[in-house]
Amino acid sequence: MTHDRTSSLLARAQAHSLEYLRQLADRDVDARASRDQLVSALQVPLTAAGEDDAAVIDLLAAQAGQGTVASGSPRYFGFVVGGTYPVALAADWLVSTWDQNAGINVLSPLVSVAEEVAGDWLLDLFDLPRESEVGFATGCQMANFTCLAAARHGVLRRVGWNVEADGLYDAPRINIVSSAESHITIDVALRYLGFGTRIQKRVESDAQGRMRADKLREMMATLEGPTIICAQAGNVNTGAFDPLREIGEIAQAHGAWLHVDGAFGLWARTSAAHRALADGMELADSWATDAHKWLNTPYDCGVAIVRHAQDHHDAMTSSAAYLIQTQGPERDAVDWVPEFSRRARGIPVYATLRTLGRDGVSALVDNCCARARQMGELLGRIDGVRVLNDVVLNQVLVRFGDDDETTRAVITGVQKDGTCWLGGTVWHGMAAMRVSVSNWQTSELDVERSAEAIARVFAGLRQR
Ligand SMILES: *Cc1c(COP(=O)(O)O)cnc(C)c1O
């Protein structure tokens, strides 16, 4: 009886899911339901007796087409969000079905081993030091946090201070060096770690948003004591990479810990055509990235990679008498990420990597970059349109006319039009449209259709 109920409910959910996916590529990309409409559909007094489960699933599914943004659409260019490969989704269903607590091996040997293997594959794909440890966190925010916690531990350990036991109050001061263009999640990680954000010593960046190595060298000459440098692979606006080899050499010369935020940029390492951008990245001490962005696995999945296993372990581990933690070669995930109980988010990574293989991953990266170049070329040909960045990866910044107002109006107009979705940014004082290509399905035709829609909106504004 219970089993029948489960089967019919899951069959229902599957039918709704398939219908959603079938419509995804053709529907308006933006959400069409207003807050008021969603509130009136969802906000009812919580009943005492509860309601029929199938009816609840049907009701949620009925709102999905209107109330979700089609961020899995091949014409969603708004943020670097990626879509979901079929195999990643299927594996994620298994994860929910198994409902494993991925925190410790004794709760799920399967998850422990699958995540260990997926972590090794990632080190191989990114060609990072094989002795590194890998943790699957919720996203790059927490991956940055994890890596910087390991960094804090490591640089203080080297000067004889145990930050996990003795905290920061009387600790030797740590220099935190970051670029003027570092991602906001670096700020947040520094807040979580008790450093605050103002402590950062910002290194000037160049016209593409890359940290200037000459300025870093000058700054490092003035610093003494434990130092953490935060560099970036893949600027959120331009896709540009900091000069990682030079930065790595400077960090090594000063005995500083180098952390690289490569939420999407790390994936350039998997492609022969784009690897040069990330040259020297292997000199760093820690790297943070996401699978839910460019690898097109579902939310949530960030990846923290740390070269120094002991520092990583000591910054994250927890233990208690009632926990049965492994003493053998088995791996307890709790030692490598902030979360204790968590879903088995490494499983979709395992399934996706195994399905794509090395060539599949690099083809995914190359295709997105080619589509970004195509978008840049198509838009750049339009009179009055200017591409502001060198399109080196998957990001394109575009300006319409000579004022911020026109650019903002084009962005709003395109969002309303619904053919594709993209957002805006301010780049070096100028409003710009920001195009990010990170979906496995985005085709030449999708880019053509989207560029046409953008051109149409711009032409319409000019006629007024
Ligand atoms: C998206 C992004 C992050 C944050 O990642 P989440 O997965 O959203 O936590 C950090 N850094 C960069 C460069 C990003 O693009």
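**Sheets and ligand site**

Modeller: Start at Ala288, whose bridge partner in β7 is Ala304. Keep in mind that this is a predicted model.

Colleague: How do β6 and β7 pair, and over how many bridges?

Modeller: Strand β6, residues 286–290, and strand β7, residues 302–306, are antiparallel, with 5 bridges between them.

Colleague: What is the strand order in the open sheet of 7 strands?

Modeller: The order is β1-β7-β6-β5-β4-β2-β3, and the pairing is mixed. The edges are β1 (133–137) and β3 (201–203); each has a single partner strand, so one side of each has no neighbour in the sheet. On average, neighbouring strands are turned by 20 degrees against each other, ignoring direction.

Colleague: Which strands does helix α9 lie across?

Modeller: Helix α9, residues 213–221, lies across β2 (175–179), β3 and β4 (227–232). Its direction is at about 150 degrees to β3.

Colleague: On to the ligand. Which residues come nearest?

Modeller: There are 14 residues around the ligand, and the nearest of them are Gln141, Asp261, Asp290, His292 and Lys293.

Colleague: What are the distances from the ligand oxygen atoms to the side chains of Asp290 and Lys293?

Modeller: For Asp290, a side-chain N or O atom is 2.6 Å from an oxygen atom of the ligand. For Lys293, a side-chain N or O atom is 2.8 Å from an oxygen atom of the ligand.

Colleague: And which side chain has a polar atom 3.3 Å from a ligand nitrogen atom?

Modeller: That is His183.

Colleague: How much of the ligand's area does the protein bury?

Modeller: The protein buries 84% of the 380 Å² that the ligand exposes when taken alone.

Colleague: What is the shell made of: how many nonpolar, polar and charged residues?

Modeller: The shell has 4 nonpolar, 7 polar and 3 charged residues. Helix α6, residues 140–157, gives the largest share of the shell, with 3 residues.

Colleague: Now the open sheet of 4 strands. What is the order there?

Modeller: The order is β8-β9-β11-β10, with antiparallel pairing. From one strand to the next, the twist averages 40 degrees.

Colleague: How many bridges join β9 to β11?

Modeller: Strand β9, residues 395–400, is joined to strand β11, residues 430–436, by 4 bridges, and the two run antiparallel. Leu397 has Arg434 as its bridge partner in β11.

Colleague: Which helix packs on that sheet?

Modeller: Helix α13, residues 404–417, does, and it touches β9, β10 and β11. The helix direction makes about 35 degrees with that of β11.

Terms used
Residues numbered from 1 in each chain as written. Predicted model: local features only at pLDDT ≥ 70, side-chain atom pairs only at ≥ 80, totals over all residues. Heavy atoms only, no water. Pairing = 2+ DSSP bridges. Axes fitted to C-alpha atoms, helices over the stretch in contact; angles between N-to-C directions. Contact = heavy atoms within 4.5 Å. Near = heavy atom within 4 Å. Polar contact = N/O pair within 3.5 Å; in protein donor to acceptor, adjacent residues only side chain to side chain. Areas by Shrake-Rupley, 256 points an atom, 1.4 Å probe, with all protein chains shown as cover. Nonpolar A, V, L, I, M, F, W, Y, C, P; charged D, E, K, R; others polar.
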